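Morning, everyone. I have one model to show you today. Please take a look at the sequence and the fold before I start.

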Amino acid sequence: MSDDSRPSPAEVLPHSRLRSSGGTPIAAVIPAAGRGVRLGPGAPKALRALNGTPMLIHAVRALAASRAVSLVVVVAPPDGAGEVKSLLDAHALPERTDFLVVPGGESRQESVKLGLDALPAAYDIVLVHDAARPLVPVDTVDAVIEAVREGARAVVPALPLADTVKEVEPAAAAGEPEPVVATPERARLRAVQTPQGFDRATLVRAHETVTDNVTDDASMVEQLGETVVVVPGHEEAFKVTRPLDLVLAEAVLARRRLNDGF
């Protein structure tokens, strides 16, 4: 199978290892096809080094740390599937988990759909995780999985907001003053993270039905009229978007090494 061809389901699990910690096996899709322009020129965001290791590898390991996850699908840049496959082969990853690389599309939405298309039929629950959230703790991953297993069709981890939020009328040009329209009640607001967990059939239906440009998969499920539920997120599951975020991520890794004794 070439790295640039989309695999059939039969090619995904060469060792037929549909293992999990019990119940329905779980697959995770990690879209990593974006360029990450806010981090500046250079490699795609997911391939930027964090403590000497690409962020993508940290994200893959974070999902694979859950014993419930038996397959991780990485959606690579359209012309970079071979490079990403070589990257995964070059780093130590849990043997109990299978990994697959597929080429992505022009948008995040299209890339997630391509990842879903590659999943074998056995997987009825799927996680979607941002490669730019490389440090999500395994407890957060497991909390999302547990909520889906208990019957939720869509689950998102999220944190309460510390800052007051203002709704504004966007300025015509960057940097111009923006009039405030409203001040939402902060107690009802949450900052959403990933991985987001889904009943697979619901997520597939969302991707087949919703054509709006959305920022996360849960928003697509909302547009179907389905309920999305929130579980507690974690402060270390922040998104690495700007150079300062890389500094914070390095600090988190340093603290983990100190606490873990290595």
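This is a predicted model: local features need pLDDT of at least 70, side-chain atom pairs count only at pLDDT 80 or more; totals for chains, interfaces and linings use all residues.

Confidence comes next. The protein averages a pLDDT of 88. At least 70 is reached by 86% of the residues. Over residues 1-21, the pLDDT is below 50. That stretch still has 48 contacts in the model beyond near neighbours in sequence.

On to one residue, Asp-130. Where does Asp-130 sit? In the loop between β6, residues 125-128, and α5, residues 138-149. Is Asp-130 buried or exposed? Its relative accessible area is 10%. The cut-off for buried is under 20%, so Asp-130 counts as buried.

What does Asp-130 touch, leaving out residues up to four places away in sequence? The list is Ile-30, Ala-59, Arg-108, Thr-194 and Lys-239. With Arg-108 there is a polar contact, side chain to side chain, at 3.0 Å.

Last item: a helix pair. Helix α2 covers residues 55-64, and helix α3 covers residues 81-90. The two pack at an angle of about 60°. Their axes are 11 Å apart. Roughly perpendicular would need 65 to 115 degrees. At about 60°, α2 is therefore oblique to α3. The crossing of the two helices is right-handed. Which residues make the contact? From α2, Leu-56, Ile-57 and Val-60. From α3, Val-84, Leu-87 and Leu-88.

That's it from me.

Key
Residues are numbered from 1 along each chain as its sequence is written. Side-chain values use heavy atoms; hydrogens and water are left out. pLDDT is the predictor's confidence in each residue, from 0 to 100. Contact means heavy atoms within 4.5 Å. Helices (H or I, at least four residues) and strands (E, at least two) are DSSP runs, numbered from the N terminus. Buried means under 20% relative accessible area, exposed over 50%, partly exposed in between (1.4 Å probe, protein chains only). A polar contact is a pair of N or O atoms within 3.5 Å; within protein, one must be able to donate a hydrogen and the other to accept it, and residues adjacent in sequence count only if both atoms are side-chain atoms. Axes are lines fitted to C-alpha atoms, for helices over the stretch in contact, and angles run from 0 to 180 degrees between N-to-C directions. Angles under 35 degrees count as roughly parallel, over 145 as roughly antiparallel, 65 to 115 as roughly perpendicular and the rest as oblique. A crossing is left-handed if the near helix is turned anticlockwise from the far one by less than a right angle, and right-handed if clockwise.
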